[in-house]
Amino acid sequence: MACSTHLLSQSLYPLNRSNPAAARGHLRFQASPSVRLGSGTSRRRALGLRVAASAEQGRRQVEVEYDLQAKFNKLADQIDQNAGITRLNLFSPCKINVFLRITGKRPDGFHDLASLFHVISLGDTIKFSLSPSKSKDRLSTNVAGVPVDESNLIIKALNLYRKKTGTDNFFWIHLDKKVPTGAGLGGGSSNAATALWAANQFSGCIASEKELQEWSGEIGSDIPFFFSQGAAYCTGRGEIVEDIRNPLPANLPMVLVKPPEACSTAEVYKRLRLEHTSQTDPLVLLKEITENGISQDACVNDLEPPAFEVLPSLKRLKKRIIAANRGDYDAVFMSGSGSTIVGIGSPDPPAFVYDDDDYKDTFVSEACFLTRNENEWYREPISSKITSEEDLPPEVASVSD
């Protein structure tokens, strides 16, 4: 509005700069004191004009009573109506799987799963600006090696939105990457969901959240989850999302520990043996966690054994964290297909992570559980921060996980 005020003052003030000596009469402008700045019809009051002519010492005096504030409000409303969103900065948080059951293999080659997904406070920041181009998006990032072409899930999401809605907005996007990849944290999926949300904001929210959620499953199984309120029981390939009534408490701290090595999701699933998975009913796990809280027994992950085959050092890391636990952690488990180990109950990693040279390049971050309000996107908590020695480990090289 400051810009509107400046432009309006430039157009109105010259009326008051005429030289009285050079004119036969003069104008006196008086704003009505009864006018108040507001909204709606009160801001669109008609201009009041009263002209009085009189003879005074041989001169003609014209008195004009001009409602400047009503004029100002009318023009300001026009500016507000014509000005759409041109820039948008959004937080793009990742998730953890509090438990993850693999319940079968599907005819299409995917696996059926049942999992409690929960958004956490570690995330990327994505800046969107409308581009004058009507043919191409332009993506940049702070991390070398991140694909910036159409293989990136952000670009895929924007292409999907244009296809579904027929809109023609293209964007300049900058991705400030903090979530490591190959980590089982869904950073790339979150980026895609955030891009869909942003595109919808720029277009005046012509699609519902439910539509965005349904569309997103076409480009990634984990993406629909991020259109939940932040805590959901997910089944199918992960695209069937059911919000849970009792999210885990936001004041429950956790620590994320990820070695430099990443886990290939395809390789982990290739080594999965369904006969070796847990036989616990996932609904029993869900009830236990939502009613009684986090516990080691409830935080089952059927992908841990095959992931530990792919990356034996990950198994050693989990064992060392558990051995070093002095009651700080309620549970220690792997998220997704790895390679992040999560310790729930404390934001601090075991001392060996900092003291042992074998873990000098390990990514470490504190985090907490996060949710969002309906029709609002996720917001980064002020206390959220990365505690690793370097801002990012070398393996952060893709947003396609």
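**Close-up views of a helix pair and a strand group**

**View 1. Helices α3 and α4 form a right-handed crossing.** In this predicted model, the axes of helix α3 (residues 153-165) and helix α4 (residues 187-202) come within 8 Å of each other and cross at roughly 35°.

**View 2. Residues in the contact of α3 with α4.** On the α3 side, the contact is made by Leu153, Ile154, Ala157, Leu158, Leu160 and Tyr161, while α4 contributes Gly188, Ser189, Asn191, Ala192, Ala195, Leu196, Ala199 and Asn200. Sorted by class, the contact of α3 with α4 comprises ten nonpolar and four polar residues, with no charged residues.

**View 3. Strand β12 is covered on both faces.** Within β12 (residues 341-344), Ile341 and Gly343 lie on one side and Val342 and Ile344 on the other, and all of these residues are buried.

**View 4. Strand β12 pairs with strand β10.** The two strands, β10 (residues 253-258) and β12, run antiparallel and are joined by four bridges.

**View 5. Strands β11 and β12 form a hairpin.** Strand β11 (residues 331-334) runs antiparallel to β12 and is joined to β12 by four bridges, with Ile341 in β12 as the bridge partner of Met334. The hairpin has six residues between the strands, and Gly336 takes a positive phi near 60° in this hairpin.

Conventions
Residues are numbered from 1 along each chain as its sequence is written. This is a predicted model: local features need pLDDT of at least 70, side-chain atom pairs count only at pLDDT 80 or more; totals for chains, interfaces and linings use all residues. Side-chain values use heavy atoms; hydrogens and water are left out. Axes are lines fitted to C-alpha atoms, for helices over the stretch in contact, and angles run from 0 to 180 degrees between N-to-C directions. A crossing is left-handed if the near helix is turned anticlockwise from the far one by less than a right angle, and right-handed if clockwise. Contact means heavy atoms within 4.5 Å. Ala, Val, Leu, Ile, Met, Phe, Trp, Tyr, Cys and Pro count as nonpolar, Asp, Glu, Lys and Arg as charged, and the others, Gly among them, as polar. Buried means under 20% relative accessible area, exposed over 50%, partly exposed in between (1.4 Å probe, protein chains only). Two strands pair if DSSP finds at least two bridges between them.
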